[in-house]
Amino acid sequence: MLVNLLIENFIDQYDGLVYRDPNIKLDSFNKISTDSRTINDGDLFIALDGENFSGDKFVEEALENGAEYFITHNQIGCSKEIVVDSTLKFIQEFAAYIIKNFKKLKVFGITGTNGKTSTKEILNCILSKRYKVLSNIGNLNNQIGVPLTIFRLEESHEILILEMGTNSEGEIFNLAQIARPSYATITNIGNGHTEKLINKESILEEKSNIYHFFDSDSVFCFNFDDDLIRPRFNHLNSKKISFGITNDAEVMARKISSDFSSFSMCYDKKQVQITLKAPGINNIYNSLCSASLAIKAGVDLETVAAGIESFEGIKNRFKIIELKNKNVIINDTYNANPDSMQKAIEMTSKIFQSKKKIAILGDMLELGKISEEEHIKIGNHLAINGFSELYSFGDKAENYAKKINKGVVYGKLKNHSEIKKYINLDSTTNTVILVKGSRGMRMEKIFDSLNN
């Protein structure tokens, strides 16, 4: 692992070093972990501190589980100890040092309001057909997750794909400073995390930092259908490539099937037919974005298409589950914001036009001052798209029904299990049920109470 090869040189010159046990052989560890529960014999434990946790409390547990040594910012006064002024700063600066010293590595950075994880996974499917690739596990896309991903790099890796998330000003800049992506994209700009980033313009400003460290050889891939992104980046001083469906982009989707499961991808007067295992207009956009980045990395169109078609989808992301009595449940419980909620409603309506439509929706969180207004808009969108029943869970979710069409049946859930009072799948026929909400609402618990 590169961490073993580089850690001694890094610590020897690290300005934030406070104390180092001289008996520690710095490169003699298996892997780095910040979770004492997952420590195995020979691992290095880094005790991270945050607003709601203190890693120092778990040093003893880590040592009992076999940690080779540990790094903390509070000197405990025992052997196997390295003390730094900030463990968060340490992992970030060490990760940046690894990237700086891994010259042959191509780094891809992906940010945006929606589609980051799916785009990352589709790009991984494509590039893995040609290269040895490392990417974030799940959505470890924050100030801790990105460094921990970089710590998993091996000398044999050729590609690093990093999803980069943010909910506060300056976070994307910091992640870009660590990873220095030379290929990057902003998938789209929508209303998400507006509690701290206020509006779409401030979200765009924050996301734009992903290209802050670009040079003229770097590659930016942008959504030509996004009205905020298009004018801003069309004149960016780097190599670039555009993708889209409605506007005339370089990489385009045409002949899209009515259920969004297949399309023709066009680039440079060439065209390939693609069938998605995870259908949806969102995954068509995610596929186009991933394809654009891969094309600029030198991958041929046929390999790009094969990679896209191998993508199985993301757990709890618009998963269509067919049940008895011609019923269908759509599990889209991974997360939610106004844009993704609107798209899920529209896709449900278009794909299942002949079915009765029911929505079970949880709060959309982190929207700040626009929260009530955005929930009301979603309620109206349900009625416009032919939903006849709505059941909501959460303090904010009752706003879905505040101004909803009176023809829509509404029920407010006190807990997830209360849904069984309203829906019995044994007596329901030819119905599609959309279940969606922000991650914190744990809307997947709804399925425990539906007798499917």
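Mentor: The second largest pocket holds about 550 Å³ of space. A pocket here is an open set of points on a 1 Å grid over the protein atoms alone, where a 1.4 Å probe fits, with protein on both sides within 12 Å along at least five of seven lines. Its volume is the space filled by probe spheres set on the points, which are joined across faces, edges and corners.

This is a predicted model: local features need pLDDT of at least 70, side-chain atom pairs count only at pLDDT 80 or more, and totals for chains, interfaces and linings use all residues. Residues are numbered from 1 along each chain as its sequence is written, and side-chain values use heavy atoms, with hydrogens and water left out.

The lining of this pocket consists of 25 residues, a lining residue being one with an atom within 4 Å of a point. Nearest the centre are I99, A179, R180, P181 and S182. Two helices, α3 (87–100) and α6 (171–179), each give at least two residues to the lining, and α3 provides the largest share, six residues. Helices are DSSP runs of H or I with at least four residues, strands are runs of E with at least two, and both are numbered from the N terminus. By type, the lining has twelve nonpolar, five polar and eight charged residues. Ala, Val, Leu, Ile, Met, Phe, Trp, Tyr, Cys and Pro count as nonpolar, Asp, Glu, Lys and Arg as charged, and the others, Gly among them, as polar.

Now the single residues. E418 sits in the loop between β19 (409–413) and β20 (431–436). E418 is buried, at 12% relative accessible area; buried means under 20%, exposed over 50% and partly exposed in between, with a 1.4 Å probe and protein chains only. The E418 side chain comes to 2.6 Å from the backbone nitrogen of K414. Neighbours within four places in sequence aside, E418 is in contact (heavy atoms within 4.5 Å) with K412 and L413.

I137 belongs to another loop, between β7 (133–135) and α5 (145–150), and is exposed, with a relative accessible area of 51%. Not counting residues up to four places away in sequence, I137 touches K120 and R152. Its C-alpha atom is 9.6 Å from that of L162, 25 residues apart along the chain.

Lastly, the structure has zero disulfides, a disulfide being a pair of cysteine sulfur atoms within 2.5 Å. For C266, the closest cysteine sulfur is in C221, 16 Å away, too far for a bond.

Conventions:
A polar contact is a pair of N or O atoms within 3.5 Å; within protein, one must be able to donate a hydrogen and the other to accept it, and residues adjacent in sequence count only if both atoms are side-chain atoms.
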